[in-house]
Amino acid sequence: MIFLVTLTVFVMLACAVAACILKDLLSAAITAGVVSFCAAILFYFLQAPDVAMAEASIGAALVTAILIIAIRRTKREE
Amino acid sequence: MSNIRMRNIIGLILLFIIAFAVILSIIEIPFGIPKTTVGNYYINNGIDETGAVNIVTSVVLNYRGYDTLGEVTILLIAALGLGAVLGTIKRKAKKEITPSSVVLSTGCKVLFPFILLFGSYIFLHGHLTPGGGFQGGAIIASGYLLVYLGCAKRRINQNRFKITESLSALIFLIVGLLGLVFGGYFLLNFLPKGIPNTLFSAGIIPIIYIAIGFKVGSELTGVIDNLIEES
Amino acid sequence: MIFLSNYIYYIGAFGLILIALYILLTRHNLIKKIIGLSILATGVNLLIIAIGYIKEGTAPIFSNPNLNPQNMVDPVPEALVLTAIVISVAVLAMALSLAIRLYKHYRTLDMRKIKEQRW
């Protein structure tokens with residue numbers, strides 16, 4: 001159990017660092033979606049199913065979608 | 001340029017100072033030991049006073065119902081502001097969109113009612129299982145997003161969605177004011193509590209969650225429609 | 001190992017907050033800063049729920065009526081974080097609409113060039 005939690009935290013931090021370094025804005029938006037998804041898994045491990053459902057449906061689906069729509073209407077490279 | 005390097009290094013030094021200061025205070029908070037006593041009161045007396053089996057729902061809608069009213073107001077103002085900022089761009093002639101293949105558009109049209117049904121199930125059973133109005137409304141908005149992306153040239157009717165959103169917010173306010181009429185205070189739980197763990201229990205909580213589910217669903221769909229419409 | 005098993009959630013949440021602050025301080029593109037705002041909100045929500053956890057606890061739902069109410073996790077932080085997630089998505093949508101409007105007017109999204117413009 002501790003091994004799974006440590007693995008998820010490691011993937012989350014690596015994706016956050018990648019969102020900082022990447023120059024292509026579309027890839028950075030998708031990586032921010034992966035950070036939200038890993039946070040939803042951590043909410044499930046902390047015995048909070050309401051918050052996990054809210055973070056997965058709002059943070060991982062809708063925020064990524066409106067970021068990509070906004071990037072399409074402005075420039076794509078940094 | 002040395003200007004950018006200096007800015008990065010100053011940022012890193014500032015972050016180290018902040019990290020050191022906060023680590024000194026986070027060490028004092030132990031992990032996994034009960035700390036507060038307000039939660040114990042809600043867990044022990046939750047079912048008798050409200051009738052809802054899900055304690056988080058009874059905290060959100062019965063014990064702290066006024067904060068939920070403020071949150072619904074913030075969502076309304078944000079959707080209004082987005083419509084005001086983006087709605088006044090002059091529309092030029094639309095670009096030609098290539099129509100999608102038959103498999104894609106038929107698949108999206110078949111999946112759409114099932115996604116709506118799933119979202120409705122989540123906000124209808126908010127007081128029995130994990131879930132509630134906000135999660136169900138977000139799933140309904142994702143269903144409409146799927147139809148926008150898969151089938152070309154299908155747009156929603158903006159007027160109907162605005163009327164739904166405003167009527168749902170009004171229902172929330174009217175139920176609260178009825179509590180003021182029947183009892184002593186705003187948002188009083190005046191309907192009978194019923195048997196716990198059945199569908200028609202917990203007083204006014206299912207009614208408010210249905211109103212919030214409709215409101216959040218139509219609001220987020222309107223936000224996506226405002227963003228996608230090309231000018 | 002004992003240290004890791006006790007504080008791994010705090011390390012994860014706090015690392016997210018620091019990385020998001022670094023993005024906000026040193027990047028010049030406006031949409032990159034908005035991505036940093038979203039990561040900052042996620043980190044703070046994770047920290048609040050990690051503080052409210054009780055060891056060997058279970059979710060606060062009475063699915064069958066004879067569950068022991070002694071070892072359930074705290075329900076108050078969950079209610080507050082639910083509100084915070086919804087408010088953060090509303091603020092993000094408003095910020096993106098303002099960014100689109102800025103791009104139409106100035107034809108660039110670099111904050112250094114926008115600050116140099118007069119009026």
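**Entry 1, helices 1 and 2 of chain C.** I looked up which residues of the two helices touch. C:Tyr9, C:Tyr10, C:Gly12, C:Ala13, C:Phe14, C:Leu16, C:Ile17, C:Ile19, C:Ala20, C:Ile23 and C:Leu24 of helix 1 of chain C meet C:Lys32, C:Lys33, C:Gly36, C:Ile39, C:Leu40, C:Thr42, C:Gly43, C:Val44, C:Leu46, C:Leu47 and C:Ala50 of helix 2 of chain C. I sorted the residues of this contact by class and got 16 nonpolar, four polar and two charged. I note that the model is predicted.

Next I took the geometry. Two packed helices are described by the angle between their axes and the distance between the axes. For helix 1 and helix 2 of chain C the angle is about 160°, and the axes lie 8 Å apart. Angles over 145 degrees count as roughly antiparallel, so helix 1 of chain C is roughly antiparallel to helix 2 of chain C. The crossing of helix 1 of chain C past helix 2 of chain C is left-handed.

**Entry 2, chain C against chain A.** I looked up how many residues each chain puts into the contact: chain C gives 36 residues and chain A gives 38 residues. On the side of chain C that touches chain A, helix 1 (2-26), helix 2 (30-51) and helix 3 (76-106) of chain C each supply at least two residues. Helix 3 of chain C has the largest share of that side, with twelve residues. By class, the side of chain C that touches chain A holds 26 nonpolar, eight polar and two charged residues.

I found eight helices and zero strands in chain B. The radius of gyration of chain B is 24 Å, well over the 17 Å of the globule rule for 231 residues, so chain B is more spread out than a compact globule. I read the spans of its C-alpha trace along the principal axes as about 60 × 55 × 35 Å. Of the 231 residues of chain B, 32% count as buried. Among contacts in chain B with a separation of 6 or more, 72% join residues 24 or more positions apart.

I picked B:Thr50, which lies in helix 2 (residues 38-50) of chain B. Is B:Thr50 buried or exposed? The cut-off for buried is 20 or more other C-beta atoms within 10 Å; B:Thr50 has 26, so B:Thr50 is buried. Leaving aside neighbours within four places in sequence, B:Thr50 is in contact with B:Ser58, B:Asn62, B:Asn189, B:Ala202 and B:Gly203. I also took the C-alpha separation of B:Thr50 and B:Leu149: 42 Å, with the two 99 residues apart along the chain.

How values were computed:
Residues are numbered from 1 along each chain as its sequence is written. Chains are lettered from A and ligands numbered from 1 in the order in which they are written. This is a predicted model: local features need pLDDT of at least 70, side-chain atom pairs count only at pLDDT 80 or more; totals for chains, interfaces and linings use all residues. Two residues are in contact if their C-beta atoms, placed from the backbone, lie within 7 Å. Helices (H or I, at least four residues) and strands (E, at least two) are DSSP runs, numbered from the N terminus. Ala, Val, Leu, Ile, Met, Phe, Trp, Tyr, Cys and Pro count as nonpolar, Asp, Glu, Lys and Arg as charged, and the others, Gly among them, as polar. Axes are lines fitted to C-alpha atoms, for helices over the stretch in contact, and angles run from 0 to 180 degrees between N-to-C directions. Angles under 35 degrees count as roughly parallel, over 145 as roughly antiparallel, 65 to 115 as roughly perpendicular and the rest as oblique. A crossing is left-handed if the near helix is turned anticlockwise from the far one by less than a right angle, and right-handed if clockwise. A residue is buried if 20 or more other C-beta atoms lie within 10 Å of its own, exposed if 12 or fewer, and partly exposed in between; C-beta atoms are placed from the backbone. The radius of gyration is taken over C-alpha atoms; the globule rule is 2.2 Å times the number of residues to the power 0.38.
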